[in-house]
Each structure stands twice: as structure tokens, then as C-alpha cells.
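The report below looks at aromatic rings, nonpolar cores and strand pairing in one model. Please keep the sequence and the structure in view while reading.

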Amino acid sequence: MSIGPLDDETVEKYQEAGEVLRTVMDEAAEMVEPGVTHLEVAEYAEGRIRELADGCAFPANISVNEEASHASPGRDDDTVFGEDMVCLDLGVHIDGYIADAAVTIDLSGNPEIVEAAEEALDAALDVVEAGADTAHIGGEIEDVIRGYGYTPVLNLSGHGVEQWDAHTDPTIPNRGAERGTKLEVGDVIAIEPFATDGSGKVTEGSKNEIYSLVNDRSVRDRMSRKLLDEVREDYKLLPFAARWFDGGRSEMAIRRLEQQGVLRGYPVLKEEEGAMVGQAEHTVIVTEDGYENITE
């Protein structure tokens, strides 16, 4: 059925992306065990997404402990899971229409952080409807997380998703605010509370494996031009992993394009005090009578 400005075909593509994401998330989450490498899980999830859908909306994010987002293994990464807090964040697209969701698997013995994030997500979803204020949604998230004795990550937020763009308006804060944005029928939003036992602020680390096209223009270097053509064709504005390309000269081309402002890198975001972070996320479509959760 049509939902506001979304026609039947668009709604069906969002729904199909969500269905694939649910399947792959369940399979990948079961793999997260001590001794398994981050790269094994990422490559499995990404391979299954490509098998079942049109592609990944972004590289598999596998953030552990103090990492909150943008952590994805490199080509030769042999890091294994130990007694970690593991946030698994996956994205699927069908013809560019995106489903985005995350779960946290606790191997560290801190399950309440996971519960706080999950319950905060449930509380946010309880108030999602056309006309709901994003500031109120953020307040619901903050109240639950602080009620557990934790802090929401204040400088990360949920977001809208549109065709070929995984982060658009409206912003869904993880804290209460004086002013927000009113949700409208047809909005597609990803709500993602982050709970931490630290200060509630993330900063950029030094590791960077994820990039996206931000300034599409001509370049002179042959290798850079070849890589840019592949990005335009395969990923458009969606984020991609450096390991998705052949090594060596491709890595040089990516660095050169980043230096020229053609590509943007996404460094790993870490809790500034090195504290644990838990995340939960679903993507929903706002409807006339509430919402449809496409990733549940």
C-alpha cells in the first residue's frame, strides 16, 4: 500500500530490504563467539546481503567495547572476539532503498548495557507516529538509559534514510531537546540508541576502513579515475570498505581521492573515556496509524 509520498513499489523495496536484513542479522549474530574473527563475520554478512539483495547499504560495522560506530575490519584483519561487547550494525539496499539495523551481543558480562539500549529503542518506538516530535523521542531514549544508571551517547543520533543516502533528515537525538522535527507520514527513519557507562561522548579514533563519495568530479590520475568509476557505478553515495577493492594501488588511489576531497573517510568512533557502548537499532516507516517496523 502507498504510504504518504511513498508509492507501492518503493514501500515494497524498503520491506524487501528489511526482510533480507532480518535474515542476515540473525545468521551473522549467531557467529559472534570467542575465537571467531571480525573479518569472518563481516565477510559472511556482506556476502549474504549481496546474495539476497542488491547490495550492502554500508560495510558491516563490528564495533567492540568502547567503539560505537564505523568499525569494520581491514583486508588482513585477524582480530578475534574475546570477552567483548559487540555491536553488529548492518545495512541492506534494494535499488538504493535502505534498511539499517543493529544488535549488541554481550560476551563481556555487562548485559544491562544491552538491555538499556534495547529498552530505550522500544520506548522510542512507542511514541513514533505522524506528528511526533523528534525531541520527545530523544527524551524517551534518554529517560530509559539514565534510568538504568547509564548515559546515552549524546553526539550520535538516529537519522532518516532515502534512496542511495543512508543518513538524511530528520535527526533522531538520543537525548531530550527543546526543539525537534515533527515526523510525517512517509518518513523512513532509523532509530539507534547508544548506552554507555562512560561520559556519553564519542571521538574519532585513528583507524579508518570506510569511505564514501562526497565530491564527484574529474581526477587526473589513471588509477584514481578507475577506482572512482567503480564507486560511481557500484555504490553511488553509499559508504564502501577499502577491502572491497584489490589491495596495493587501490589503497593508494583511495588515499589520494580522500586527500583531494573526492572521498570522505569515516574514522572509528570511540567513547572518549574508553567505556563500554551498547547499541540497538531498527528502521521504520511512519504511517497514518503509527509506523511499520521493516527490520523487526
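Six aromatic pairs are found in the structure, where rings of Phe, Tyr and Trp (its six-membered ring) pair if their centres lie within 6.5 Å, and planes under 30 degrees apart count as stacked, over 60 as edge-to-face and the rest as tilted. This is a predicted model, in which local features need pLDDT of at least 70 and side-chain atom pairs count only at pLDDT 80 or more, while totals for chains, interfaces and linings use all residues. Residues are numbered from 1 along each chain as its sequence is written, and side-chain values use heavy atoms, with hydrogens and water left out.

| Pair | Geometry | Centre to centre | Angle between planes |
|---|---|---|---|
| Tyr-14 and Tyr-97 | edge-to-face | 5.2 Å | 70° |
| Tyr-235 and Trp-244 | tilted | 5.4 Å | 40° |

Because Tyr-14 belongs to helix H1 (residues 8–31) and Tyr-97 to strand S4 (residues 97–106), their pair ties together parts that are 83 residues apart in sequence; helices (H or I, at least four residues) and strands (E, at least two) are DSSP runs, numbered from the N terminus. Tyr-14 is buried at 2% relative accessible area, and Tyr-97 is buried at 13%, where buried means under 20% relative accessible area, exposed over 50% and partly exposed in between (1.4 Å probe, protein chains only).

Tyr-235 and Trp-244 also belong to one aromatic cluster with Tyr-211, Phe-240 and Phe-245. The charged end of Arg-50 sits over the ring of Trp-244, 4.7 Å from its centre, a term used if NZ of Lys or CZ of Arg is within 6 Å of the ring centre and within 35 degrees of the ring normal.

The largest nonpolar core has 59 residues, and among those that touch the most other members are Tyr-14, Phe-240 and Phe-245; such a core is a set of buried Ala, Val, Leu, Ile, Met, Phe, Trp, Tyr and Cys residues joined through side-chain atoms within 4.5 Å. H1 supplies the largest share of this core, eight residues. A second, separate core of 26 residues includes Ile-191 and Met-276.

Strand S8 (residues 188–191) is covered on both faces, with Val-188 and Ala-190 buried on one side and Ile-189 and Ile-191 buried on the other. S8 pairs in the antiparallel sense with strand S16 (residues 282–287) over four bridges, and strands pair if DSSP finds at least two bridges between them. In S16, Val-284 is the bridge partner of Ile-189.
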